[in-house]
Amino acid sequence: MHLLELDDVHTNLTLKAGVVRAVDGVSFHIDAGETLGIVGESGSGKSMTALSIMRLLPSSGRITSGAIRFKGRDMTGLSEDEMEDIRGTEIAMIFQDPMSSLNPVYRTGWQVGEPLQIHRGVNARASIAAAIALFKKVGIPDAEKRVAQYPHVFSGGMSQRAMIAMGLTTSPSLLIADEPTTALDVTIQAQILELLRNLNRDSGMATILITHNLGVVAGICDRVIVMYAGRVVEQGRTEDVFAHPEHPYTWSLLRSIPRLDADEREPLKPIEGLPPDMMRLPSGCKFGPRCPFAIKRCAEEEPELLLVRDQLARCWVTQAGTSLRESADAG
Amino acid sequence: MPAEALRERSASTWTAAAPILEIRGLTTWFPVRSGVLARTVGQVRAVDGVNLSIRQGETLGLVGESGCGKSTLGRSILRLVEPTAGEVVFKGRDVLRMGPAAMRRMRREMAIIFQDPFASLDPRQTVGDILAEPLEIHHLRRTRRQRQERVRELLDLVGLSPDFSGRYPHEFSGGQRQRIGIARALAVDPSFIVCDEPVSALDVSIQAQIINLLERLQDQFNLTYLFIAHDLSVVKHISDHIAVMYVGKVVEISTAKELYQRPLHPYTGSLLSAIPIPDPAVERNRERIILKGDVASPVNPPSGCRFRTRCFKAQPRCAESEPPLETVRLGDHLAACYFPLE
């Protein structure tokens with residue numbers, strides 16, 4: 001039994017302009033102690049997947065089918081009270097913008113300790129003591145002084161640490177971090193990633209890290225899922241996916257970003273075209289219109305997510321045994 | 001002859017062999033006001049005595065963390081914010097001492113591309129109007145027909161269909177809007193463009209398209225760029241030289257390649273080591289310098305070297321006096337540090 005398992009999850013957003021299939025048949029799992037990265041561009045469905053797990057979808061969103069099993073129990077049928085309990089104790093989520101996630105009218109220590117009062121019946125004094133210990137754990141200096149302060153005096157990095165501390169209060173077994181470092185400067189990003197790495201190693205907590213930054217994934221994730229147009233297009237161990245991507249989207253993405261350790265200044269190889277319009281998705285493979293490897297079949301039929309070499313990929317070309325690298329060199 | 005015209009005449013001595021832009025002692029402070037009388041209680045030293053120069057046709061990258069003053073520096077050069085002191089010498093003439101008429105002519109030479117293509121385009125104007133406006137203001141095309149012709153040409157230059165001129169900004173994606181922003185900057189046929197985080201708001205797959213476009217336009221029109229960004233991988237890719245800023249000061253400057261291979265300032269070293277590289281084999285075996293603490297305040301910067309409060313090499317001397325940029329000089333590689341990296 002996996003810690004968390006998604007089985008063919010579909011989430012729709014009903015908007016004025018029509019229905020968007022934001023998450024369209026997503027399946028994956030994560031075990032204790034693992035760090036799983038979910039990468040994709042805006043609109044790829046990565047955040048909607050996380051919000052589906054947490055059942056924190058916007059009012060226009062609904063899980064229409066599929067199962068989300070946490071420790072073997074399907075959460076899609078749970079009542080709001082039961083979900084509340086899981087969110088407070090078992091699964092925590094941290095967001096991109098820590099400033100908007102902290103309540104400005106309560107002292108930070110109170111907010112961080114509050115889940116213990118609600119879910120564990122701990123009194124206020126003990127919850128503040130726990131908050132001090134958590135602040136120390138996430139590297140907030142002067143923890144005793146800081147717990148009495150309000151969020152507005154915290155810098156961006158400190159707020160994100162406080163958010164992480166809040167997530168850790170009840171020692172959850174799963175942490176979902178949605179772009180936790182995107183709003184932060186690189187030196188602060190490095191601090192937060194180091195913190196997540198250490199927490200993962202020391203506590204055995206599983207982490208789902210949602211990001212658009214492939215460098216962050218390379219540094220911290222054991223496995224990675226690549227999403228495009230609401231679908232998983234590639235999934236595998238991080239080393240495999242980066243060493244020999246088997247979906248042309250992953251392949252193109254890795255070639256399009258400038259690398260700090262690149263020797264010579266050669267032109268970047270961008271992905272042509274625009275991200276897909278979720279209201280008017282193409283037939284067949286959703287990446288087909290932008291894909292340099294596309295064959296006739298790609299526009300006609302959508303491929304399944306199948307084993308290609310060491311990982312899973314949703315691509316007719318690589319499933320037929322073609323190597324993307326050789327094919328690109330030849331072309 | 002009015003003084004301004006005299007200065008303008010003497011400026012014709014500039015030749016392309018000299019830097020197209022030279023910044024000397026540029027300082028931009030913003031007052032911090034407080035109380036009912038809004039009395040000035042302090043100064044935000046956003047840009048605090050910066051010297052830089054750029055040669056024609058080159059790209060100078062400017063990197064640093066949020067609040068370091070890099071955007072204010074870009075805007076001060078164009079006088080979109082008024083600097084407190086210093087000189088901005090463009091093609092031999094000090095922009096900061098120009099009167100309104102000369103400044104108006106100067107604005108045809110210098111343009112800016114903003115980070116957020118959503119906020120920087122007027123939603124009520126069509127793309128054609130947005131691009132024709134600078135042509136009208138500067139009397140660059142007399143008739144409506146000539147302006148329309150130029151608008152089509154500009155759209156074509158940035159890789160958009162000339163038929164888009166009747167559409168509104170909201171009809172475009174982020175990448176397309178940034179192309180419109182670039183077309184607007186090109187409208188007046190400038191020689192120098194400040195690119196202020198031009199790709200940070202774009203999706204990863206679109207960033208490369210825009211970077212390639214900027215590089216192609218630079219070759220085509222011999223443009224000079226000041227490229228401001230916090231993403232050092234992007235800056236290293238596009239820049240000839242890179243200046244690193246920390247709390248209002250330039251702390252290191254060198255060629256892009258040399259800066260990456262041999263950073264001298266501890267801040268540059270930690271900045272480089274903090275940037276994730278999209279390769280697990282490299283990323284997991286890198287030595288990282290994890291800095292402690294947060295960026296210092298530009299209102300009350302630390303005495304001496306402003307980085308010393310986070311620096312792993314700081315000594316008592318660093319608090320006593322501020323190291324000038326020329327403290328370490330290896331050819332054209334300069335660093336403001338008493339105890340540089342090996």
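## A predicted two-chain model

Me: What is the phi of Glu197(B)?
Reply: Glu197(B) is not a glycine.

Me: Does Glu197(B) count as buried, partly exposed or exposed?
Reply: Burial needs 20 or more C-beta neighbours within 10 Å, and exposure 12 or fewer. Glu197(B) has 19 inside 10 Å. Glu197(B) therefore counts as partly exposed.

Me: Which loop holds Val247(B), and is Val247(B) buried or exposed?
Reply: Phi of Val247(B) is near 45 degrees, a positive value in a residue other than glycine. Val247(B) sits in the loop between β9 (241-246) and β10 (249-255) of chain B. With 24 other C-beta atoms within 10 Å, Val247(B) is buried.

Me: How many residues apart in sequence are Ser321(B) and Gly304(B)?
Reply: Ser321(B) lies in the loop between α12 (316-320) and β11 (328-330) of chain B. With 11 C-beta neighbours inside 10 Å, Ser321(B) counts as exposed. From C-alpha to C-alpha, Ser321(B) and Gly304(B) are 4.2 Å apart. In sequence the separation is 17 residues.

Me: Which strands stand at the edges of the open sheet of four strands in chain B?
Reply: The order is β2-β1-β4-β5 (chain B), and the pairing is antiparallel. An edge strand has a single partner, so one of its sides is left without a neighbour in the sheet. In chain B these strands are β2 (39-54) and β5 (93-94).

Me: Which residue of β2(B) stands opposite Thr27(B)?
Reply: Strand β1 (residues 21-34) of chain B runs antiparallel to β2(B). Twelve bridges join the two strands. Opposite Thr27(B) stands Asp48(B).

Me: What is the radius of gyration of chain A?
Reply: Chain A has 14 helices and twelve strands. For its 331 residues the globule rule gives 20 Å, and the radius is close to that, so chain A is as compact as a globular protein of that length. The radius of gyration is 21 Å.

Me: Among contacts in chain A between residues at least 6 apart in sequence, what share joins residues at least 24 apart?
Reply: Of the 331 residues of chain A, 50% count as buried. The C-alpha atoms fill a box of roughly 65 × 50 × 40 Å along the principal axes. The share of contacts is 63%.

Me: Which are the edge strands of the open sheet of eight strands in chain A?
Reply: The order is β6-β7-β8-β3-β9-β10-β12-β11 (chain A), with mixed pairing. Neighbouring strands are turned by 20 degrees against each other on average, direction ignored. Each edge strand pairs on one side only: β6 (91-94) and β11 (306-308) of chain A.

Me: Helix α1 of chain A runs at about what angle to β7(A)?
Reply: Helix α1 (residues 46-54) lies across β3, β6, β7, β8 and β9 of chain A. Helix α7 (residues 156-168) of chain A lies across β6 and β7, running at about 170 degrees to β6(A). For α1(A) and β7(A) the angle is about 145 degrees.

Me: Are α4(A) and α5(A) parallel or oblique to each other?
Reply: The axes of α4 (residues 108-120) and α5 (residues 124-137) of chain A are 8 Å apart, at an angle of about 120 degrees. The crossing is right-handed. Meeting residues include Gly109(A) and Val112(A) in α4(A), with Ala124(A) and Ser127(A) among those in α5(A). The two helices are therefore oblique.

Me: Which helix gives the most to the side of chain A that touches chain B?
Reply: 37 residues of chain A are in contact with 36 residues of chain B. On that side of chain A, α8, α9, α10 and α11 each supply at least two residues. One helix gives the most, with six residues: α8(A).

Me: At roughly what angle do the axes of α8(A) and α10(B) cross?
Reply: The axes of α8 (residues 186-203) of chain A and α10 (residues 266-274) of chain B come within 8 Å. The crossing is left-handed. Val186(A), Thr187(A), Gln189(A) and Ala190(A) meet Ser270(B), Leu271(B) and Ala274(B). The angle is roughly 55 degrees.

Me: Which element of chain B do the buried residues of α11(A) pack against?
Reply: In α11 (residues 248-256) of chain A, the buried residues include Tyr249(A), Trp251(A) and Leu253(A). Their partners in chain A include α9, β9 and β10. From chain B comes α7 (204-221).

Terms used. Residues numbered from 1 in each chain as written. Chains lettered and ligands numbered in written order. Predicted model: local features only at pLDDT ≥ 70, side-chain atom pairs only at ≥ 80, totals over all residues. Pairing = 2+ DSSP bridges. Contact = placed C-beta atoms within 7 Å. Rg over C-alpha atoms; globule rule 2.2 N^0.38 Å. Axes fitted to C-alpha atoms, helices over the stretch in contact; angles between N-to-C directions. Left-handed = near helix turned anticlockwise from the far one by under 90°. Parallel < 35°, antiparallel > 145°, perpendicular 65-115°, else oblique.
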